[in-house]
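Hi,

Here is the structure I promised to pass on. Please open it first, then read my notes below.

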Amino acid sequence: MAEDDRRAPAAEVFDALGVAYEEAFAGSEPHRASLRWLLERLPPGGRVLDVGSGTGRPTAQTLTEAGHRVLGVDVSRVMTELAARQVPAADFRLADIRELPLEEASFDAVCAYFPLLQMSRAEQAAVVAKLARAVRPGGPAALATVPLDGEDVEGHFMGQPVRVTSFAAGAFRELVAGAGLTVLAEDHAVFTPAHPDAVPEPQLFLHARREGP
């Protein structure tokens, strides 16, 4: 099987978007507010896993500028290469989080801003559970999604064809709690990316903590 045949659908979408994705979402105040929440709960020099790290901005850049160590993971080669150039203080890995082994309690915090939407519901549940195990007991987790109740829905995102699966807000909150994370705050927003083909999208940011001391 050729390498292109094994690539996740999200890789093709975000390879095509490249830096345009960063430009479209640069004005997201809810995202930056979520990062501030995370920063307030990290120990000095904390180790953070950033899933769906994209171009490295704003997430990895914000965290490294505050003195934290970041491992970014993304399925898009274009995004990963951009991130490595733009945020050299962080480490970036081209990998599918569904397949990447993670050691138990190996990070002080985890964040995942919208990387789940092109996974099945079973895969999303498995990934959230994996992230919950990867953060140390008591450590914070920030997760964001588009809270729509739909499975394998065909659509377009910034001009790119996509198939999207998501949960309604309550169901996603239950998924996160079932993974062993205590939800501390739930923030809803509607954001319109700065792109001619973008439309307003509902967003849900869940701020949680791994259960334990």
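How many Å should the residues of helix α7 span, and how far apart are its end C-alpha atoms? Keep in mind that this is a predicted model. Helix α7 covers residues 121-134, which makes 14 residues.

Several residues of α7 are buried, among them Q124, V127, V128 and K130. L131, A132 and A134 are buried too.

Now the whole protein. It has eight helices and nine strands. Its radius of gyration is 16 Å, close to the 17 Å that the globule rule gives for 213 residues, so the protein is as compact as a globular protein of that length. The C-alpha atoms fill a box of roughly 45 × 40 × 40 Å along the principal axes. Buried residues make up 50% of the 213. Take the contacts between residues at least 6 apart in sequence: 68% of them join residues at least 24 apart.

The protein exposes about 9,800 Å², and carbon and sulfur atoms supply 51% of that. There are 20 positive and 30 negative side chains. The centres of these two sets lie 6 Å apart.

Is A141 buried or exposed? A141 is buried, because its relative accessible area is 0%, under the 20% cut-off. Leaving out residues up to four places away in sequence, A141 touches W37, V110, L181, L206, H207 and A208. A141 and W37 are 104 residues apart in sequence, yet their C-alpha atoms are 9.9 Å apart in space.

Best wishes

Note on methods: Residues are numbered from 1 along each chain as its sequence is written. This is a predicted model: local features need pLDDT of at least 70, side-chain atom pairs count only at pLDDT 80 or more; totals for chains, interfaces and linings use all residues. Side-chain values use heavy atoms; hydrogens and water are left out. Helices (H or I, at least four residues) and strands (E, at least two) are DSSP runs, numbered from the N terminus. The expected span of a helix is 1.5 Å times one less than its number of residues. Buried means under 20% relative accessible area, exposed over 50%, partly exposed in between (1.4 Å probe, protein chains only). The radius of gyration is taken over C-alpha atoms; the globule rule is 2.2 Å times the number of residues to the power 0.38. Contact means heavy atoms within 4.5 Å. Accessible areas come from the Shrake-Rupley method with a 1.4 Å probe; for residues, only the protein chains shown count as cover. Lys and Arg count as positive and Asp and Glu as negative; His and the chain ends are not counted. The place of a charge is taken as NZ of Lys, CZ of Arg, CG of Asp or CD of Glu.
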